[in-house]
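Open the model in your viewer and keep the sequence panel beside it. This tour goes stop by stop, telling you what to select and what is there.

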Amino acid sequence: MLTRPAPPPTDAAGRLRADFVEWMQGLEPGWVTATPGLGRPAQLTALGNGVVPQQASRAVQLLAPPFPRGPRCATA
């Protein structure tokens, strides 16, 4: 879910901005871009190698088998 306006996708030189990628992935502002000592190329690498939380959540819902109820589980 997008909860804030999108930052500009490119910088003045026409290069992809890491904060735009962070926004597209639904991450909190600064999740990657506020990491001290991490430059733009490393930020983009981290974002490119990361997992989009919403996608991961849906994958677990689809792929994980339902947890069977044990004999000691209380019924509702």
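Here is the tour, from the whole chain down to single residues.

**Stop 1: the whole chain**

Start with everything displayed, and keep in mind that this is a predicted model. Colour by secondary structure. The protein has three helices and zero strands. Read along the sequence, that gives the pattern α-α-α. The radius of gyration is 18 Å, well over the 11 Å that the globule rule gives for 76 residues, so the protein is more spread out than a compact globule. Turn the model along its principal axes. The C-alpha atoms fill a box of roughly 65 × 25 × 20 Å.

Now show the surface. The accessible surface comes to about 6000 Å², and 64% of that belongs to carbon and sulfur atoms. Buried residues make up 14% of the 76 residues. Next, colour the charged side chains. There are 7 positive and 4 negative ones. The centres of the two sets lie 14 Å apart.

**Stop 2: the nonpolar core**

Hide the surface. Select Ala18, Val21, Leu27, Val32 and Leu47: these five residues form the largest nonpolar core. Centre on Leu47. What does Leu47 touch, not counting residues up to four places away in sequence? Its contacts are Ala18, Val21, Glu22, Gln25, Leu27 and Val32.

**Stop 3: Gln25**

One of those contacts of Leu47 is Gln25, so select Gln25 next; it is buried, with a relative accessible area of 14%. Gln25 sits in the loop between helix 1 (18-24) and helix 2 (40-49). Show what surrounds Gln25. Beyond residues up to four places away in sequence, Gln25 touches Leu47, Val52, Pro53 and Gln54.

**Stop 4: Gln43**

Move to helix 2 and pick Gln43. Is Gln43 buried or exposed? It counts as buried, at 10% relative accessibility. Leaving aside neighbours within four places in sequence, Gln43 is in contact with Ala18, Val32, Thr33 and Leu38. Ala18 and Val32 are among the core residues from Stop 2.

Draw a distance from Gln43 to Pro66. These two are 23 residues apart along the chain, and their C-alpha atoms are separated by 36 Å.

**Stop 5: Thr45**

Stay in helix 2 and select Thr45. Thr45 is partly exposed, with a relative accessible area of 47%. Draw a line from Thr45 to Arg58. The pair is 13 residues apart in sequence and 23 Å apart in space, C-alpha to C-alpha.

**Stop 6: Arg69**

Arg69 is exposed, with a relative accessible area of 60%. How far apart are Arg69 and Thr45 in space? The answer is 42 Å, C-alpha to C-alpha, for residues 24 apart in sequence.

**Stop 7: Pro5**

Go back to the segment before helix 1 and select Pro5. Pro5 counts as exposed, at 73% relative accessibility. Pro5 and Trp23 are 18 residues apart along the chain, and 8.7 Å separates their C-alpha atoms.

**Last stop: contacts overall**

How values were computed: Residues are numbered from 1 along each chain as its sequence is written. This is a predicted model: local features need pLDDT of at least 70, side-chain atom pairs count only at pLDDT 80 or more; totals for chains, interfaces and linings use all residues. Side-chain values use heavy atoms; hydrogens and water are left out. Helices (H or I, at least four residues) and strands (E, at least two) are DSSP runs, numbered from the N terminus. Buried means under 20% relative accessible area, exposed over 50%, partly exposed in between (1.4 Å probe, protein chains only). Contact means heavy atoms within 4.5 Å. The radius of gyration is taken over C-alpha atoms; the globule rule is 2.2 Å times the number of residues to the power 0.38. Accessible areas come from the Shrake-Rupley method with a 1.4 Å probe; for residues, only the protein chains shown count as cover. Lys and Arg count as positive and Asp and Glu as negative; His and the chain ends are not counted. The place of a charge is taken as NZ of Lys, CZ of Arg, CG of Asp or CD of Glu. A nonpolar core is a set of buried Ala, Val, Leu, Ile, Met, Phe, Trp, Tyr and Cys residues joined through side-chain atoms within 4.5 Å.
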